Amino acid sequence: MQHMRTRPATMPHMKLSELAAVIGADQVSGPQAKISGLTLSSSRVHLGDLFIAAPGQSQHGIRFLGDAISRGAKAVLTDAVGAPQVPEDFPLIEVPNPRAVVARLAAALYDHPSDDFLTIGITGTQGKTTSTHIAEAAFGAQRSAVIGTIGARVGGVEAESALTTPEAPELQALFAVMREEEVEACFMEVSSHALVQGRVDGFTFDVAVFLNLGRDHLDFHRDVDD
């Protein structure tokens with residue numbers, strides 16, 4: 001089966017100092033590096049990536065920096081906990097909360113690709129998948145894209161997507177692919193987890209659809225109000 005690429009054919013290139021300026025970070029050290037991608041997962045590093053080493057639910061991402069470097073990471077963005085563990089002279093941006101800035105960085109690196117097509121975000125406890133696929137069918141698969149629980153498609157071609165709503169670096173890279181493929185609209189599921197974790201920060205949906213609210217995911221949220 002043919003699969004759509006998950007990063008644009010024309011890769012971006014920004015200096016580490018330029019990315020730091022996007023988020024107003026002044027704690028930049030090590031030699032200058034040119035960045036062509038970014039990721040929160042060491043297993044998804046491409047050559048030239050900025051690795052985001054952020055605190056996780058059970059462990060800190062800095063533990064995986066060695067793996068990220070071996071796979072081609074050219075710099076790291078981390079916090080005060082991770083910074084002392086970065087090898088000397090390895091390019092580094094230090095910020096208080098890496099996750100809070102990653103979406104803005106990804107949007108800037110790929111030059112805000114979602115500005116070039118219609119974005120429709122659909123959230124709610126039940127019905128997100130059905131709604132996005134009905135919308136894709138009505139609009140026309142060849143002219144649109146869909147992202148959600150059972151995967152992603154760009155112009156009717158399957159694309160890899162591990163989460164209902166991808167992490168911001170993967171999402172913005174996929175948006176850049178959509179721009180290259182000249183899609184006219186993207187229909188995407190937006191989970192409550194994604195909203196809390198900032199995966200859809202860095203851009204504004206043209207249309208937001210709220211379906212319903214149930215009691216699912218109370219293992220993640222404090223209560224229904226949350």
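Guide: Let's begin with a word we will need: two residues touch, or are in contact, when heavy atoms of theirs lie within 4.5 Å. Please keep in mind that this is a predicted model.

The relative accessible area of Ala33 is 9%. Buried means under 20%, so Ala33 counts as buried. What does Ala33 touch, once residues up to four places away in sequence are set aside? Its contacts are Met14, Lys15, Leu16, Lys74 and Pro91. Have a look at Phe90 too: Ala33 and Phe90 are 57 residues apart in sequence, yet their C-alpha atoms are 9.4 Å apart in space.

Now step back to Gln32, which is also placed in the loop between β3 and β4. Leaving out residues up to four places away in sequence, Gln32 touches Lys15, Leu16 and Ser17. Along the chain, 60 residues separate Gln32 from Leu92, and their C-alpha atoms are 9.4 Å apart.

Next comes Asp89, in the loop between β7 and β8 (92–94). At 57% relative accessibility, Asp89 counts as exposed, whereas Ala33 is buried. Here is something to spot in the backbone: most residues other than glycine have a negative phi. Asp89 is not a glycine, but its phi is positive, at about 70 degrees. His112 is another residue other than glycine with a positive phi, near 50 degrees. You will find His112 in the loop between α3 and β9 (118–123), and with 35% relative accessibility it counts as partly exposed.

The axes of α3 (residues 98–109) and α5 (residues 168–180) come within 8 Å, and they cross at roughly 20 degrees. Angles under 35 degrees count as roughly parallel, so α3 is roughly parallel to α5. Their crossing is right-handed. Where the helices meet, α3 brings Val102, Ala103, Ala106 and Ala107, while α5 brings Ala168, Pro169 and Gln172. Six residues of this contact are nonpolar, one is polar and none is charged.

Pick out Ala106 from that group. Its relative accessibility is 0%, so Ala106 counts as buried. Beyond residues up to four places away in sequence, Ala106 touches Leu38, Ala168, Pro169 and Gln172.

Leu38 leads us to the last stop. The largest nonpolar core has 25 residues, and those touching the most other members are Leu38, Leu50, Leu77 and Leu105. At least two residues each come from α1 (16–22), β6 (49–53), β7 (75–78), α3 and α5. With five residues, α3 gives the most to this core. Leu38's contacts, not counting residues up to four places away in sequence, include Leu50, Ile52, Val102, Leu105 and Ala106, as well as Arg7 and Asp49.

Technical notes: Residues are numbered from 1 along each chain as its sequence is written. This is a predicted model: local features need pLDDT of at least 70, side-chain atom pairs count only at pLDDT 80 or more; totals for chains, interfaces and linings use all residues. Side-chain values use heavy atoms; hydrogens and water are left out. Axes are lines fitted to C-alpha atoms, for helices over the stretch in contact, and angles run from 0 to 180 degrees between N-to-C directions. Helices (H or I, at least four residues) and strands (E, at least two) are DSSP runs, numbered from the N terminus. Angles under 35 degrees count as roughly parallel, over 145 as roughly antiparallel, 65 to 115 as roughly perpendicular and the rest as oblique. A crossing is left-handed if the near helix is turned anticlockwise from the far one by less than a right angle, and right-handed if clockwise. Ala, Val, Leu, Ile, Met, Phe, Trp, Tyr, Cys and Pro count as nonpolar, Asp, Glu, Lys and Arg as charged, and the others, Gly among them, as polar. A nonpolar core is a set of buried Ala, Val, Leu, Ile, Met, Phe, Trp, Tyr and Cys residues joined through side-chain atoms within 4.5 Å. Buried means under 20% relative accessible area, exposed over 50%, partly exposed in between (1.4 Å probe, protein chains only).
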